[in-house]
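Subject: Structure handover

Dear colleague,

Please find below the structure that I promised to pass on to you. My notes on what was found in it follow directly after.

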Amino acid sequence: MKPGYPEAVTPAVLAAELLAGLRAQLPPDVKLAGFEVAIGELVDVDVAALVRELRAGAGVVDVQVKRVAALYRCLDCGAEYPPEESPCPVCGSARAELVSGDELTITRAWAAPG
Ligand SMILES: [Zn+2]
């Protein structure tokens, strides 16, 4: 690893981090067959390249990508809305928190049979 955290995180670095996190949760002798990765639409990454790195790093071919739409929640009225409707279409408030859209996580993994 390079010192510090790079400004532009490459697909290879992201893949390595995701796989390290996944392996930490799996029994050491499990043979991984595939997994699903959720990528928020606000995550600035080359998805095809990331999937390539994940396949290569994990030694599996079954990598499924689930894109997650960005969603804000209004801090004043609680309405949820996509970023392009900002400010809040219900009450007009610009105070909002991000509910989804910036995640990058492995949501499911499955082992090879037998
Ligand atoms: Zn509102």
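Strands, as the word is used in this message, are DSSP runs of E that hold at least two residues, and they are numbered from the N terminus. In that sense E80 belongs to strand β4. Please keep in mind throughout that this is a predicted model.

To begin with the overall picture, the protein chain has two helices and six strands, and read from the N terminus its elements follow the order α-β-α-β-β-β-β-β. The radius of gyration of the protein chain is 17 Å, well over the 13 Å that the globule rule gives for 114 residues, so the chain is more spread out than a compact globule. Taken along the principal axes, the box filled by the C-alpha atoms of the protein chain is roughly 55 × 35 × 25 Å. Of its 114 residues, 11% count as buried. As for the contacts between residues at least 6 apart in sequence, 66% of them join residues that are at least 24 apart.

The two helices come next. The axes of helix α1, which covers residues 11-25, and helix α2, which covers residues 47-58, come within 8 Å and cross at roughly 45°, which means that α1 is oblique to α2. The crossing of α1 and α2 is right-handed. On the α1 side, the residues that take part in the contact are P11, A12, L14, A15, A16, L18 and L19, and these meet A49, L50, E53, L54, G57 and A58 in α2.

If neighbours within four places in sequence are left aside, A58 is in contact with L19 and L32. The C-alpha atoms of A58 and L42, by contrast, are separated by 25 Å, although these residues are 16 apart along the chain.

Turning to the strands, V37 lies in β1, which spans residues 32-40. V37 is buried, with 23 other C-beta atoms within 10 Å, where 20 or more is the cut-off for that label. The C-alpha atoms of V37 and L54, which are 17 residues apart along the chain, are separated by 9.6 Å.

To return to E80 in β4, this residue counts as partly exposed, with 13 C-beta neighbours inside 10 Å. Leaving aside its neighbours within four places in sequence, E80 is in contact with L71, Y72, R73 and V99. Between the C-alpha atoms of E80 and L98, 18 residues apart along the chain, the separation is 9.4 Å.

Two positions in loops also deserve a note. A70 lies in the loop between β2, residues 62-68, and β3, residues 71-74, and A70 is partly exposed, with 17 other C-beta atoms within 10 Å. Residues up to four places away in sequence not being counted, A70 touches G40, E41, L42, P82, P83, S100 and G101. For S100, which is 30 residues from A70 along the chain, the C-alpha atoms of the pair are separated by 5.2 Å.

The other position is P87, in the loop between β4, residues 80-81, and β5, residues 96-100. The peptide bond that leads from S86 to P87 is cis, with omega near -5°. As background, most peptide bonds are trans.

With kind regards

Note on methods
Residues numbered from 1 in each chain as written. Predicted model: local features only at pLDDT ≥ 70, side-chain atom pairs only at ≥ 80, totals over all residues. Helix = DSSP H or I, 4+ residues; strand = E, 2+ residues; numbered from the N terminus. Rg over C-alpha atoms; globule rule 2.2 N^0.38 Å. Buried ≥ 20, exposed ≤ 12 C-beta atoms within 10 Å, placed from the backbone. Contact = placed C-beta atoms within 7 Å. Axes fitted to C-alpha atoms, helices over the stretch in contact; angles between N-to-C directions. Parallel < 35°, antiparallel > 145°, perpendicular 65-115°, else oblique. Left-handed = near helix turned anticlockwise from the far one by under 90°.
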